Amino acid sequence: DFWASWCNPCRELNPQLKELYQKYRNEGFDIIGISMDEDLEKWKKAVREDQQSWINISEGKKPSDSKNYENFNVNYLPLNFVVNSKREIIAKDIPLDSIPSLLAQLALN
């Protein structure tokens, strides 16, 4: 999940991400939040305020200097990627309400 503390649409998705994480984490679902915040204190504050209990990282760099931003070809926020257990990207920028059906499909494979 690519996001930033200053990105209101990103922050608005956090309650739904939190619900998905709590519901499916024991079934192998995990979230890695990758923040595009330059200000690490604002990033840490947002993680606390939004009660993100999943892994969260930030390079503390502007997006144009970020290796994560570059490697994943991120052009906008919020942006998510779904990665399977083989570390293959199987979906990009999908609506969060599609996650349960995608997880069900993955369980069948």
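Me: Which residue is the bridge partner of I32 in β3?
Reply: This is a predicted model, with local features taken at pLDDT of at least 70, side-chain atom pairs only at pLDDT 80 or more, and totals for chains, interfaces and linings over all residues. Residues are numbered from 1 along each chain as its sequence is written, and side-chain values use heavy atoms, without hydrogens and water. Strands are DSSP runs of E with at least two residues, helices are runs of H or I with at least four, both numbered from the N terminus. In β3, I32 is bridged to I55.

Me: In which sense do β2 and β3 pair, and over how many bridges?
Reply: Two strands pair if DSSP finds at least two bridges between them. For β2 and β3 the sense is parallel, and the number of bridges is four.

Me: Which strands stand at the edges of the open sheet?
Reply: The open sheet has three strands in the order β1-β2-β3, paired in parallel. Each edge strand has a single partner, so one side of it has no neighbour in the sheet; these strands are β1 and β3 (55-58).

Me: Which residue in the turn between β4 and β5 has a positive phi?
Reply: β4 and β5 pair in the antiparallel sense over three bridges, and V82 has A91 of β5 as its bridge partner. The two strands form a hairpin with five residues between them, and the residue with a positive phi, about 65°, is R87.

Me: How much space lies in the largest pocket?
Reply: A pocket is an open set of points on a 1 Å grid over the protein atoms alone, where a 1.4 Å probe fits, with protein on both sides within 12 Å along at least five of seven lines; lining residues have an atom within 4 Å of a point. Here 36 residues form the lining, with F29, D30, F81, V82 and V83 nearest the centre. Elements supplying at least two lining residues each include α1 (8-24) and α4 (99-108). Counting the space filled by probe spheres set on grid points joined across faces, edges and corners, the volume is about 1,100 Å³.

Me: Is S5 buried or exposed?
Reply: S5 sits in the loop between β1 (2-3) and α1. Its side chain makes a polar contact (N or O atoms within 3.5 Å, one able to donate a hydrogen and the other to accept it; residues adjacent in sequence count only if both atoms are side-chain atoms) with the side chain of D37, at 2.5 Å. Buried means under 20% relative accessible area, exposed over 50%, and partly exposed in between, with a 1.4 Å probe and protein chains only. At 11% relative accessibility, S5 is buried.
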